[in-house]
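Here is a short report on one protein model. Keep the sequence and the 3D view at hand while reading.

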Amino acid sequence: MADRTLTNIGLYSVPEASALTGQNAPSIHRWLKGYRRKEGNTSRQVRSVLNAELGEVDGKTALTFLDLMEIRMIAAFRQHGVSWQAIRAASALACDMFGDSHPFSMQRFKTDGKTIFAELFNDGTLETLDLNKKNFVFSEVVEPSLFASLEFEDGQAARWFPKSLQKIVVLDPKRSFGHPVLSQEGIATAILAKAALVEGSVKSVASWYEIPVGSVKAAVEFEQRLAA
């Protein structure tokens, strides 16, 4: 890892990724490394579904901001009933088409519960590409409700604002290694929450940092949700 830059990409452990995305850590490990599935008296290796690029940092599995976005999208596909076979096939094709190892963080994907679609512009016309059938289709599909909390740059997820916090808290890979900060002030939510716990007063912490009380409350709420 000495020759790789860890700036501007976000950096998270599996436990941190689990807390932030709501997916349990064992599942994330399986998505990253695959696993062996028993079939009668034999077993077979099930391939990984996440194209994580960092491997290990300081001896621990490390994930990037785009890995987090892929975890959220894959979880949404599974919640809509899309099979692992369809997810793997769509990911492989999308990686090849878009030339990116994190395709599910790049495009606005949809699903009808069986296949995965990507909205693309073709000669100025918005069309839907069925990534499991490799053709263009026009179809009634269900879009996972997780794009409203994202901001995109050049077609790829750039920032994530956790829902219900009115964009007060942000995860931005270019700030604080992608860890949660107040979007306006840039102060880590973990620092504010710890200060509020020690002091026992949100108003005092807001006064120290010269920021709105509502911002400190949002930081405390966010950290409490992570710890729950």
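## Around Ser-105

Setting aside neighbours within four places in sequence, Ser-105 makes contact with Leu-66, Met-69, Glu-70, Phe-152, Gly-155, Gln-156 and Ala-157. The model is predicted. Ser-105 sits in the loop between helix 4 (84-98) and strand 6 (109-111). Is Ser-105 buried or exposed? Its relative accessibility is 2%, and the cut-off for buried is under 20%, so Ser-105 counts as buried. A polar atom of the Ser-105 side chain lies 2.7 Å from the backbone oxygen of His-102.

## The second largest pocket

Some contacts of Ser-105, among them Leu-66, Gln-156 and Ala-157, turn up again here. The second largest pocket holds about 290 Å³ of space. It is lined by 17 residues, and those closest to its centre are Leu-66, Gln-156, Ala-157, Ala-158 and Pro-173. Helix 3 and strand 11 (156-160) are the elements that give two or more residues to this lining. Strand 11 gives the most, with 4 residues.

## Overall make-up and core

The protein has 7 helices and 13 strands. Of its 228 residues, 46% count as buried. Take the contacts between residues at least 6 apart in sequence: 51% of them join residues at least 24 apart.

The largest nonpolar core has 52 residues. Within this core, Phe-104, Phe-109, Ile-116 and Leu-131 have the most contacts. Helix 3 (residues 65-79) gives the most to the core, with 9 residues. What does Leu-131 touch, not counting residues up to four places away in sequence? The list is Ala-90, Leu-93, Ala-94, Met-97, Phe-109, Ile-116 and Ala-118. Two of the names on it, Phe-109 and Ile-116, are also among the core residues with the most contacts.

Three strands, in the order 1-5-4, form an open sheet with antiparallel pairing. Strand 1 (12-13) and strand 4 (56-57) are at the edges. Each has a single partner strand, so one side of each is left without a neighbour in the sheet.

|---|---|---|
| Strand 1 (12-13) and strand 5 (residues 60-63) | 2 bridges | Ser-13 and Ala-62 |

## Helix 6 and its ends

Helix 6 covers residues 202-209. At its start, a side-chain oxygen of Ser-201 comes to within 3.5 Å of the backbone nitrogen of Lys-203. Just after the helix, Glu-210 takes a positive phi of about 55°.

Ala-206 is found in helix 6. Its relative accessibility is 4%, so Ala-206 counts as buried. What does Ala-206 touch, leaving out residues up to four places away in sequence? Its contacts are Ile-211, Pro-212, Val-213 and Val-216. Ala-206 and Ala-196 are 10 residues apart in sequence. In space the two are 9.0 Å apart, C-alpha to C-alpha.

Key:
Residues numbered from 1 in each chain as written. Predicted model: local features only at pLDDT ≥ 70, side-chain atom pairs only at ≥ 80, totals over all residues. Heavy atoms only, no water. Polar contact = N/O pair within 3.5 Å; in protein donor to acceptor, adjacent residues only side chain to side chain. Core = buried A, V, L, I, M, F, W, Y, C linked by side-chain atoms within 4.5 Å. Buried < 20%, exposed > 50% of the residue type's maximum accessible area, 1.4 Å probe, protein only. Contact = heavy atoms within 4.5 Å. 1 Å grid on protein atoms, 1.4 Å probe; cavity = no way out; pocket = protein on both sides within 12 Å on 5 of 7 lines; lining within 4 Å. Points joined across faces, edges and corners; volume = space filled by probe spheres on them. Pairing = 2+ DSSP bridges.
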